[in-house]
Amino acid sequence: MKKINRSNKNDKMKYLKILLSQKGFTLKDLKCEAALMICCMLIDNYLIIEKEGKSSAVIKGVTTNDVKVIFEMMENFQASLYENVLSTEELQVIIDNKSKSQKSLIKYKLIEPLAYFYNVGVNRLKSKIIEQNGSDTNILWIPELIAITLIQDMIEEGYIFTKFPFLEEIDFTRLFDIYIKTNSKIKQTESIKLFSKENKTIISKMQNVSNSIASALINCKYK
């Protein structure tokens, strides 16, 4: 979760307006793109965890078939994100090259608002993950669940992602059904009461994380 440095603030609003005009975006659309960049980073982490065979240790109760479904859908989702959304790697290249020419500097200044909102979300992600785990060691998390729930949370707050129609190709309902079913199994196995505030499943904790990220993005002002 690399934090991206920001440039001089003097003309930040000027370049924000230019960026929104070039993209045909509202400020809400830009925050949606930042959310999708976070999703891309989260799915990258998920695929690493999955390929290392560690996901089953995090989510107890998920079936082998469901694991396969999630993996295939996340691979497709990741491919779509890389095709349609600026990746953190691409953003970092723009930042690293900002001093090479005037053109590179302007390119950086134009993208800086997106970097700002991305950082807001990533910083909240890091703090909430540590909070939910009780420490910054032996972190247990479900990055792909945070990703899809973040989109849902944003939509519920009026951020409709119309500039990113590829999302319509992702069967989010099927994914949520898997996690809802698995969450119920975990609650039964661990004898967690339905509306318990003290004892939450890891799935419930990840939903809290995504909700907090969405709130941070929605409420923050570019400065």
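**Charges, Rings and Helices: Questions and Answers**

User: Which side chain of opposite charge is nearest to D29, and how far away is it?

Analyst: D29 is buried yet has no salt bridge; buried means under 20% relative accessible area, exposed means over 50%, and partly exposed lies in between (1.4 Å probe, protein chains only). A salt bridge requires a side-chain nitrogen of Lys or Arg within 4 Å of a carboxyl oxygen of Asp or Glu. Lys and Arg count as positive and Asp and Glu as negative, while His and the chain ends are not counted. The nearest side chain of opposite charge to D29 is K163, at 4.8 Å.

User: What kind of model is this?

Analyst: Residues are numbered from 1 along each chain as its sequence is written, and side-chain values use heavy atoms, without hydrogens or water. Local features need a pLDDT of at least 70 and side-chain atom pairs count only at pLDDT 80 or more, whereas totals for chains, interfaces and linings use all residues, since this is a predicted model.

User: In which helix is D29 found, and with which residues is D29 in contact, leaving aside its neighbours within four places in sequence?

Analyst: Helices (H or I, at least four residues) and strands (E, at least two) are DSSP runs, numbered from the N terminus. By this rule D29 belongs to helix α2, residues 27-51. Contact means heavy atoms within 4.5 Å. With those neighbours left aside, the contacts of D29 are G24, K163 and F164.

User: How many helices and strands does the protein have, and what percentage of its residues count as buried?

Analyst: The secondary structure comes to nine helices and zero strands. The protein has 223 residues, and the share that counts as buried is 51%.

User: How many salt bridges are found in the whole structure?

Analyst: Side chains of opposite charge can pair when their charged atoms come close. A search of the whole structure gives a total of four.

User: How many residues separate K181 and D66 in the chain, and is D66 buried or exposed?

Analyst: K181 and D66 meet in a salt bridge of 2.8 Å, N to O. Their pair links helix α8 (residues 172-189), which holds K181, with helix α4 (residues 64-84), which holds D66, across 115 residues. K181 has a relative accessible area of 36% and is partly exposed. D66, at 7% relative accessibility, is buried.

User: What separates K128 and E131 in helix α6?

Analyst: The side chains of K128 and E131 form a salt bridge, 2.9 Å from N to O. K128 is buried at a relative accessible area of 15%, whereas E131 is exposed at 52%. Because they are three residues apart in helix α6, their separation is about one helical turn.

User: Why is the pair of Y116 and F117 edge-to-face?

Analyst: Rings of Phe, Tyr and Trp (its six-membered ring) pair if their centres lie within 6.5 Å; planes under 30 degrees apart count as stacked, over 60 as edge-to-face and the rest as tilted. The structure holds eight aromatic pairs. For Y116 and F117 the centres are 5.5 Å apart, and the pair is edge-to-face because the planes stand at 70°.

User: How many residues apart in sequence are the parts that Y116 and Y222 tie together?

Analyst: Y116 and Y222 form an edge-to-face pair, 5.3 Å centre to centre with 70° between the planes. Both Y116 and Y222 are buried. Y116 lies in helix α6 (residues 102-133) and Y222 in the segment after α9 (202-219), so the distance in sequence between the parts they tie together is 106 residues.

User: How far apart in space are M154 and C32, C-alpha to C-alpha?

Analyst: M154 lies in helix α7, residues 143-156, and is buried with a relative accessible area of 0%. Leaving aside its neighbours within four places in sequence, M154 is in contact with residues including K31, Y159 and F161. M154 and C32 are 122 residues apart in sequence, and their C-alpha atoms are separated in space by 7.8 Å.
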